[in-house]
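Look at the sequence and the fold shown below. The text that follows walks through a few parts of the structure.

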Amino acid sequence: MNRRNLLWTALSSVGAGLLASRATAATTHEAPASRLKVVYHLADADRVNFALGNIQNHFDGVGGPDNVTIALVVLGPALRAFALTQANPDITGRVARFSKAGLQMAACGNTMKAQDVTLDGLQPGFTIADRGGVVRIAELQSQGYLYIRP
């Protein structure tokens with residue numbers, strides 16, 4: 001009877017040890033093998049501040065812009081928020097900080113034509129997605145960028 005209790009105690013201890021090591025492994029955050037690349041898709045005018053907040057949170061969450069590559073592709077009604085003629089001081093300031101931090105910003109060429117906007121009419125730091133915003137997003141995804149649409 002004593003041997004059975006000893007055996008049961010030993011097996012229970014081993015099992016508990018394995019479960020504890022699995023729990024530790026599951027909660028340990030390992031650094032990614034390579035720098036994460038993310039593309040944010042922004043089309044809705046009412047989501048501009050939310051998307052910019054997400055980008056700031058993303059930079060903060062990974063320890064700064066040196067630890068992630070983020071691209072922002074803007075198309076549709078959201079592009080108006082980045083036009084110099086409709087510049088909101090808060091958005092202008094955030095865009096300037098993000099641009100200095102390395103945020104890649106692309107404006108949909110099709111939207112620019114439809115809204116009669118030139119690159120000079122957008123806040124500094126933007127490039128043109130000549131073949132369209134959705135094509136640019138697909139290109140970035142094919143290069144390993146993760147897709148986020150806030």
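Threonine 111 touches Leu75, Gly76 and Leu79, leaving aside residues up to four places away in sequence. This comes from a predicted model. Threonine 111 sits in helix H4, which covers residues 109-114. Is threonine 111 buried or exposed? Its relative accessibility is 10%, and because buried means under 20% relative accessible area, threonine 111 counts as buried.

Aspartate 116 is found in the loop between H4 and strand S4 (126-129). Aspartate 116 has a relative accessible area of 69%, so this residue is exposed; the cut-off for exposed is over 50%. The backbone of aspartate 116 also deserves a look: its phi is near 55 degrees, a positive value in a residue other than glycine. Most residues other than glycine have a negative phi.

The next stop is strand S1, residues 36-42. Why is strand S1 described as largely enclosed by the rest of the structure? Because 5 of its 7 residues are buried. Strand S1 is joined by 7 bridges to strand S2 (residues 68-74), and the two run parallel. Within this pairing, leucine 42 stands opposite valine 74 in S2. To get from S1 to S2, the chain passes through helix H2 (residues 48-61), and this β-α-β crossover is right-handed.

Strand S1 is also joined to strand S5 (residues 146-148), by 3 bridges, and these two run parallel. Here valine 39 has tyrosine 147 in S5 as its bridge partner.

Technical notes
Residues numbered from 1 in each chain as written. Predicted model: local features only at pLDDT ≥ 70, side-chain atom pairs only at ≥ 80, totals over all residues. Heavy atoms only, no water. Buried < 20%, exposed > 50% of the residue type's maximum accessible area, 1.4 Å probe, protein only. Helix = DSSP H or I, 4+ residues; strand = E, 2+ residues; numbered from the N terminus. Pairing = 2+ DSSP bridges. Right-handed = clockwise from strand over helix to strand, strands pointing away. Contact = heavy atoms within 4.5 Å.
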